[in-house]
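The entries follow the order in which I looked things up.

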Amino acid sequence: MGRYVVRRLLQMIPVFVGATLLIFLMVNVMGDPIAGLCGERRCDPATAARLEKEFGLDKPVWQQYLTYMGNVFTGDFGTAFNGQEVTELMATAFPVTIRLTVIAILFEVVVGIVLGVVTGLRRGRPVDTGVLLLTLVVISVPTFVTGLLLQLLLGVKWGWIRPSVSSEAPFDELILPGLVLASVSLAYVTRLTRTSIAENRRSDYVRTAVAKGLPRRRVITRHLLRTSLIPVVTFIGADIGFLMGGAIVTERIFNIHGVGYQIYQGILRQNTQTVVGFVTVLVLVFLVANLVVDLLYAVLDPRIRYA
Amino acid sequence: MLLDVHDLHVEFHTRDGVAQAVNGVSYGVDEGETLAVLGESGSGKSVTAQAIMGILDVPPGRITGGEVIFRGRDLLTLKEEQRRKVRGAEMAMIFQDALSSLNPVISVGDQLGEMFTVHRGMSKKDARAEAVELMDRVRIPAARERVRQYPHQFSGGMRQRIMIAMALALEPALIIADEPTTALDVTVQAQVMELLAELQREYRMGLILITHDLGVVADVADRIAVMYAGRIVESAPVHDIYKAPAHPYTRGLLDSIPRLDQKGRELYAIRGLPPNLMDIPPGCAFHPRCPMARDVCRTDEPPLYEVTESEAGRGSACHFWRECLHG
Amino acid sequence: MPEQHFDPDRAVAGTGMGGTMDLGVDEAETLERAPGGPEGPGPREKPRSLWSDAWHDLRRNPVFVVSALVILFLVVISLWPSLITSGSPLQCDLAKAQEGSQPGHPFGFNGQGCDVYTRTVYGARTSVAVGVLATLGVAVLGSVLGALAGFFGGVGDSVLSRITDVFFAIPVVLGGLVLLSVITSNTVWPVIGFIVLLGWPQLSRIARGSVITAKQNDYVQAARALGASNSRLVLRHIAPNAIAPVIVVATIALGTYISLEATLSYLGVGLKPPSVSWGIDISAASPYVRNAPHALLWPSGALAVTVLAFIMLGDAVRDALDPKLR
């Protein structure tokens, strides 16, 4: 197990380098990194040259990347457009997005698994067909449309919630945005659970459990759920990275000042450091979440042993 | 009589139609007796067993008639909760493929111990001790250590021993073993079968042994019931059948066993294929494949005739059983 | 050691969109047969190929028929929008801004006073173009690279695997924001290019996997032992078997690409006005949603129906092509 973890960590390094380098290149080569530094106007040539030198932009890209990564590992993510440290922005933005992600995951776990179990046990009945159609619609409607529609209905028409979230973004204001962020994954969790339950329900070991004279409840919770939820749990684990990266749309709809908002601002003002810094952290989150999922697999399924 | 199945009918409703899986099966088992139920796949032998255990998938399955009298009460009229208490405690089942029949993510100790915690209300610790003892009794070496392991960590033969231990746990009066050795290596088959027979004698249990392997049957069974297309076509004490079958299908089965004294000869095979259960031939269901078939076999369904030339109760569902017996 | 466990199908799901997980409505129903049921002979029709068999199934599947008709309709109106509308999407009258439904203008007007019906009809063109072209690009690039890696293995295969890992690690919408924000060209091509750039790893994984599976089949091993050339192996034996999963994944991905284009346009980095796209119209309508919800709802509905149609089509095709489910 220990050796497996080490190997996986080593494997993560090229992926991490590749992904961050790709982003770095996109931002640096294609954009104009100093364009945002002189306010709304373009910098005059002399200032531009001075700034380029100051930021090391006259050096080759690979050197810039190495310098940048060197700084990142000492905790220096550079400065944002308004002179603030990027790490300061992160300190305010990440807690918000993490809260949002936690709510989304809760929706997936509670609503998704419950719906999946209910439909998986009642295949072909009206509940099953209804939920199945609903999940298909949720998957097909882009998240930003779902978000706008729910905001329109709940926020504007019926006035149940505030249509936009205040800058502190407390948990209760994030419930609807969390649901919107979770929506597509929620539909997948429902379907995955349903398929898994329906498949395992006819398995030999469930038949054995029934033949042993166990009460139905115990057959389901102890024998059926235990095996059926393994793929679901790992899906949800891997989803953490996707949710944090995909939160940008939800955050824009509800005007939440999280990670997505900061990246969006960074792009608008062409601030390289903000964009690369935030994306680097997101890539790390994604990679770590996937590693944890792999290890979780071994814990949940004794058949899997890592050599 | 410990178990008396009477005129059992089971159907399966599928998208393509209704499959008549069991069509009026009657058989019985006494304490300490072994009944071998023989037949090809699709003959209804497993479905009958599932109906007796009450583990039929409903739907698509449906019991449309008959009685299952066990220790004096008709199980088919019991409520599900009463039925559940019978399962595992009074009658238990051993399945063919132990690897898929054991839960892959629960340790064997927990799976065995569950019998005691659920049915007997034992503590987890006591149940674990019982599990170790059970594993000892089915001769699994190092039971105390292996009780914590998972099914995939055992060999095929050891896993089937665990299935047997699980069935024996609460010392049921009846065990139904559905092809218990089919999935095993030939060398292990004999050991497992021996163990099962020995434990059955020790506990004086009734045993229904479902198999398609005539070789297994000869050593352990007291009686044989041969099934075809959801019906019993011949039922007799084991020796009578081997001496002289009273049904052409049984004869076909016996003739298709390879025998040393007939080395070099072409092996006999029953011609044709088992019937489609959605469209069972009229008359005797076996007539399209029967070498003795005559006109009456295509129209009249034979009842289970009493074979009067035998002392012990013996039946054959063939219009020409006499001919078959002497031919 | 297990492969990466995250679902590669989620590669296009940076917004949490799309993916190709099991969407089957009744995928296992066919398994619910009676035990020992009619495995028997019965009249056997003459053997058909996987493809003709699948086509036989598809024609009888109402989900397939309905979604195929919707898609056909979309393709026709994106080629000839004037068939069902006489107006121009750019002909706007600010005086009529936010007005509701009225004769000749069934969907009303948007915030700029443009006819919502006409714009919704014309918006199909963008979505269909992006969906179809991006899918073609992804399918060709992804399956060729994946198939080569799967067939030859070795160093190239390892390198390709690591490269796909890199692409999976980048959140799609963020990548789109970064890359497309600097592009000034206001056509569908940058969006298509971006989708191909980030989408191919998904297809290459699928293609690689199915080529490896096909390669291990006994009859392929036998053909190889008999001295069949590589090109013959690939064309005659491997491609026919490996192509089915690629088609299925690509069809479902097509729906998610349409969704992705709309999302990027909504965020202001895909297409920009005066281009016509459902994403642009939804974005433009959201500030006025209180007064003119119709300007938001019609393009949203059109977008949802389009994506749904492609996803259901892919789903039906998958059911038909997966022999295991028969």
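Entry 1. The model is a predicted one. I then traced the pairing: strand β3 (residues 34-38) of chain B is joined to β9(B) by four bridges, and the two run parallel.

Entry 2. I turned to the pairing of β9(B) with strand β10 (residues 231-237) of chain B, which is antiparallel and has six bridges. Here B:Val226 has B:Glu234 of β10(B) as its bridge partner. Two residues lie between the strands of this hairpin, and B:Ala229 takes a positive phi near 50°.

Entry 3. Is β9(B) enclosed or open? I noted that six of the six residues of β9 (residues 223-228) are buried, so the strand is largely enclosed by the rest of the structure. On one side I find B:Arg223, B:Ala225 and B:Met227, and on the other B:Ile224, B:Val226 and B:Tyr228, all buried.

Entry 4. I checked chain B overall. Chain B has 13 helices and twelve strands, and 46% of its 327 residues count as buried. The C-alpha trace spans about 65 × 50 × 40 Å along the principal axes.

Entry 5. I looked up the contact between the chains: 18 residues of chain A are in contact with 24 residues of chain B. On the chain A side, α8(A) gives the most, with six residues. By class, that side has six nonpolar, five polar and seven charged residues.

How values were computed. Residues numbered from 1 in each chain as written. Chains lettered and ligands numbered in written order. Predicted model: local features only at pLDDT ≥ 70, side-chain atom pairs only at ≥ 80, totals over all residues. Buried ≥ 20, exposed ≤ 12 C-beta atoms within 10 Å, placed from the backbone. Contact = placed C-beta atoms within 7 Å. Nonpolar A, V, L, I, M, F, W, Y, C, P; charged D, E, K, R; others polar. Pairing = 2+ DSSP bridges.
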